[in-house]
There are 2 protein chains.
Amino acid sequence: MRTVPTVYEVARHAQVSTATVSRVLSGNDRVRPEYRERVFAAVAELGYVPSGAARDLAARRAGVLGLCFPDLVGDQDIESDAMFWYDEIIRGMERAARRRGYALLIAACHDTDDVDLVTTVAGRCDGLVVLARTVPAPVLERIAGRIPVVMLAGTRTPDEVARVVDHLVVANRAGAREVTGHLLDVHGYTDVWFIAGPDSPDSAARFEGYQSALTERGLPVPQHPHATGDFTTAGGRRAVAALLSEGHRPRALVCANDQTALGALTALAGEGLRVPQDVAVTGFDGIQLGQHVRPALTTVAQPMRQLGETAVSMLEERLADSALAARLVEMPVRVDIRDSCGCSAVP
Amino acid sequence: MRTVPTVYEVARHAQVSTATVSRVLSGNDRVRPEYRERVFAAVAELGYVPSGAARDLAARRAGVLGLCFPDLVGDQDIESDAMFWYDEIIRGMERAARRRGYALLIAACHDTDDVDLVTTVAGRCDGLVVLARTVPAPVLERIAGRIPVVMLAGTRTPDEVARVVDHLVVANRAGAREVTGHLLDVHGYTDVWFIAGPDSPDSAARFEGYQSALTERGLPVPQHPHATGDFTTAGGRRAVAALLSEGHRPRALVCANDQTALGALTALAGEGLRVPQDVAVTGFDGIQLGQHVRPALTTVAQPMRQLGETAVSMLEERLADSALAARLVEMPVRVDIRDSCGCSAVP
DNA sequence: GCGCATACAGTAAGCGCGTACACGGCGAGG
DNA sequence: CCTCGCCGTGTACGCGCTTACTGTATGCGC
């Protein structure tokens, strides 16, 4: 393979200066049309592709946005579980980024290790979105000193981080409160249990929403979730299966997320219990799959697309004004009533 | 925000040279432990995050792999369709890349425009994977002069491109042939129709596989697909609905991909036809959703994970030896028998 | 005691591009 | 006819890092 051409080759070939080449390629400058033609011809002939690295270094801008998400799957078979919540976030972000002319640099990172990867990502983009529980707080704080950072979901971060990182969350409490209220008011269930996710701010906030729904109606309020999963389908299945094997028969299950709810469906089916006739189930997130399982999952849908759009906007604003104070933005959710709560089970 | 620290600040702070800082951060060099400590301390104290751009430029290596995929959704609501085939490719690639210490730079690109975006991506990574029908051949050829390129799916490219770009495809023909054979032999259907995708090499190869299954059994072989969709659910629904409204009632539909098959299911349900009792349906790709719809979709599953792994391996090999001749690698597929072909419909 | 190999540390030269600044040519106004 | 200003072009510096090369101790064998 012959040597890769640079601006210098292009300039020589087109008999202009490198500055002119650069101007032509950046588009928006006044260059004599004749020169412009010559440059384009040289680019085509030499097969010139500008070096992103050199470009970024000189221009101090990459045209790339980063996204770190948790690797929930670990080393398991990726085909073993359904799509995750973050898959849809990735899509949403990619779209939002592309609309503004950015490419998206993505990497899954564990909270513990992978600091190199995070650095690889952070050093190469103009702004970074981090899903909750993926990057250790101190690392995040350091990165925020270099580029704008938006943290998506999860809010319980140390103060020093909260001061430099924007947060974007959804109305976890309100959503859980509303869907729980639906089960209580519309369906009249009294025995409504909560299946938590892992120890995370999101799961906790949803549990609080569930609690308030009970409180407001003067019902007994459990101080802890009735079972605990890990936000995966397998975890939800195990948690609910354990509950059932102990002989418990709640009338409805409010699950911390959709994956957990899907696992619950499996566990219930395993015990021969019908959903929603015997046990009602609700989820949280609004992943695609929830519409397609039977019974279709009643859930609290997050506005995936707007989440991506908003995250990118926040990065851009901070890019424009680095002195901006850290913000906490909460986006509304929408309760999607489908079948698993009992709504279409016509008596 | 104070000025972003560079190697120079770190070096001064740690009272060593920039070379030493660089050596410490790159890990694998002999540096007096005392100095090493001092460098780490300085990095931590200053909140140093190395510039990816400068690093790439100097090292001539980015630690980033690129992936361009088609934007099938266009400007529609992203939440309007199920997950695509390429969503799973993205996951697979991300995993494969991460395992080898690369981050993944992704961008959706139309075939026509977005050449800038493609360049943005290509200029910033060490290797590029391009899904079929996303980047114009001449552009691809040019990029291949700079970094290794693997094209995923689709094979009908001009010779000059095929000479410089590796291709990775799945056994479209064999898969379609096998699943068609299943419908013919196991179920005894004679009236098996083919619903194509858009004008693409993949759809064409699958149609050919379908044809050979018929040929081998001495059955009449249609010269053209019976209907044509566009690889989306909506397209599949329209195509099949049109067929049905004309009064056609094939016994089985072999669809060019899963999305099309899902659309077919909808169209059939709309006419009150039962799957598989009245009409059997098969797909191609093996997307997650196919397992969860009812009836579960019989399909030809692509090895998503190995596809990602193999693509990354091919890039690495070419990175190690740029003189390598262009290769065409075909990966096997697996027919996943589920319900939509009639297999679990116990009489 | 001398020469040489060894082990690190530092110096400085780029990597390929953007762009501030300098510079020259030309039309208009005085 | 001279001067001023504008427009388009080129020169050259620097972005922040890696690394080849050079320099300086130190240990070893003779």
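User: In chain A, how many bridges join strand β5 to β11(A)?

Analyst: Keep in mind that we are looking at a predicted model. Strand β5 of chain A covers residues 166-170, and it runs parallel to β11(A). One pair to look for is A:Val170, which stands opposite A:Met331 in β11(A). The number of bridges joining β5(A) to β11(A) is 4.

User: Which strands are the edge strands of the open sheet?

Analyst: Let's walk along the sheet, which has 12 strands with mixed pairing.

User: What kind of axis relates the two copies?

Analyst: In general, two copies of a chain are related by a rotation about an axis and a shift along it. Here, chain B is superposed on chain A by a rotation of 180 degrees with 0.0 Å of shift along the axis, at an RMSD of 0.1 Å. The copies are thus related as by a two-fold rotation axis.

User: Why can we say that the copies meet through the same surface?

Analyst: Start with the contacts: 51 residues of chain B touch 51 residues of chain A. On the chain B side, elements giving two or more residues include α5 (85-99), β2 (103-108) and α6 (115-122). By class, that side has 26 nonpolar, 12 polar and 13 charged residues. The copies meet through the same surface because the share of chain B's interface residues that are also interface residues in chain A is 100%.

User: Which element gives the largest share of the surface near DNA strand D?

Analyst: DNA strand D is surrounded by 26 residues, and the closest include A:Arg32, B:Thr6 and B:Ser22. Two or more residues each come from α2 (18-26) and α4 (52-59) of chain A, and from α2 (18-26) and α4 of chain B. The largest share, 6 residues, belongs to α2(B).

Note on methods. Residues numbered from 1 in each chain as written. Chains lettered and ligands numbered in written order. Predicted model: local features only at pLDDT ≥ 70, side-chain atom pairs only at ≥ 80, totals over all residues. Least-squares fit on C-alpha atoms with pLDDT ≥ 70 in both. Contact = placed C-beta atoms within 7 Å. Pairing = 2+ DSSP bridges. Nonpolar A, V, L, I, M, F, W, Y, C, P; charged D, E, K, R; others polar. Near = placed C-beta within 6 Å.
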